[in-house]
Amino acid sequence: MSQSVQSPLSVCVYCGAREGGKPAYMAAATDLGRVIADEGWRLVYGAGDVGLMGAVARATQAAGGDTFGVIPVHLMNMEVGKRDLTSFVVTENMHERKKVMFMNSDAIVVLPGGAGSLDEFFEVLTWKQIGLHDKPIFLLSIDDYWAPLNALIEHIIAQGFAADTTAQLYKTISSIEALTEALRAIRT
Ligand code: AMP
């Protein structure tokens, strides 16, 4: 009798290419990277070795986990393409990168970051809004980092430019422990 083997949960992490202004951000990135390895999940991310991106990947690797990185060729120098990942994919452009990351993921986690992380968040949010996917999206709001983003989305809803349901398309979580539970729940 054949038994099907489920592939590991692939967790796509969007986060800053910088370290940010509080040690708590890098600490959260490191903790998340280790959790991904310890749980037997796979990290999917932008393949850089800078800022929070590098911290997540190094922590997953250090704990023996599986890493899948995708970087566009023109960012290989700027974001220090991390070639020693389990899988290292170089794309022609940013659109291809985001597509490959998204297609290889079961869930999306957004750590603190800048315009690039916001771009990635809004892309998966808007795709979900128009029914293109139903993957869970988690905002990891370390030290309330994403509170202004939540306020902006509430404002957009209050002013009639988005449906009330938009706020239900993603979940804001404030600790690695709660995020771990939420990710575990995807497969139970
Ligand atoms: P940031 O949050 O600005 O530090 O960027 C985090 C990551 O998002 C980096 O790897 C960027 O290359 C990436 N990114 C994705 N989409 C974009 C975009 N449209 N503009 C700038 N960066 C982007």
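Start by selecting Asp144, which is found in the loop between β6 (137-140) and α5 (147-158); helices (H or I, at least four residues) and strands (E, at least two) are DSSP runs, numbered from the N terminus. Asp144 has a positive phi of about 60° although it is not a glycine. Is Asp144 buried or exposed? With a relative accessible area of 54%, Asp144 is exposed, where buried means under 20% relative accessible area, exposed over 50%, and partly exposed in between, using a 1.4 Å probe and protein chains only.

Before going on, keep in mind that this is a predicted model, in which local features need pLDDT of at least 70 and side-chain atom pairs count only at pLDDT 80 or more, while totals for chains, interfaces and linings use all residues. Residues are numbered from 1 along each chain as its sequence is written, and side-chain values use heavy atoms, with hydrogens and water left out.

Next, select Val80, in the loop between β3 (66-72) and β4 (87-91). Val80 is a residue other than glycine with a positive phi, near 55°, and at 39% relative accessibility Val80 counts as partly exposed.

**Strand β1**

Now select residues 10-14, which form strand β1, and notice that the strand is mostly covered, with 5 of its 5 residues buried. Ser10, Cys12 and Tyr14 lie on one side of β1 and Val11 and Val13 on the other, and all of these are buried, so that both faces are covered.

Which strands pair with β1? One is strand β2 (residues 42-45), which pairs with β1 in the parallel sense over 3 bridges; two strands pair if DSSP finds at least two bridges between them. To see one of the partners, select Cys12 together with Val44, its bridge partner in β2. If you follow the chain from β1 to β2, it passes through helix α1 (residues 23-38), and this β-α-β crossover is right-handed, a term used if, with the strands pointing away from the viewer, the path from the first strand over the helix to the second runs clockwise.

The other is strand β5 (residues 107-110), which pairs with β1 in the parallel sense over 4 bridges.

**Strand β5 and onward**

Stay with β5 and look at where its residues point: Ala107 and Val109 go one way and Ile108 and Val110 the other way, and all are buried. The strand also runs parallel to β6, to which 3 bridges join it, and selecting Ile108 shows it opposite Ile137 in β6.

**Two cysteines**

A disulfide is a covalent bond between the sulfur atoms of two cysteines. In this model it is counted as a pair of cysteine sulfur atoms within 2.5 Å, and by this rule the count comes to 0 disulfides.

**Around the ligand**

Now select the ligand, which 16 residues surround, the closest being Ala17, Glu79, Gly114, Gly116 and Ser117; a residue is near a molecule if one of its heavy atoms lies within 4 Å of it. Look for polar contacts, meaning pairs of N or O atoms within 3.5 Å. A backbone N or O atom of Gly114 lies 2.7 Å from an oxygen atom of the ligand, and for Gly116 a backbone N or O atom lies 2.8 Å from a ligand oxygen atom. Asp119 has a polar side-chain atom 3.0 Å from a nitrogen atom of the ligand. Of the 490 Å² of accessible area that the ligand has on its own, the protein covers 75%, with areas taken from the Shrake-Rupley method and a 1.4 Å probe.

**Last stops**

Select Ile153 in helix α5, which counts as buried at 4% relative accessibility. Finish at Tyr170, in the loop between α5 and β7 (171-173), which is buried, with a relative accessible area of 9%.

Terms used:
Polar contact = N/O pair within 3.5 Å; in protein donor to acceptor, adjacent residues only side chain to side chain.
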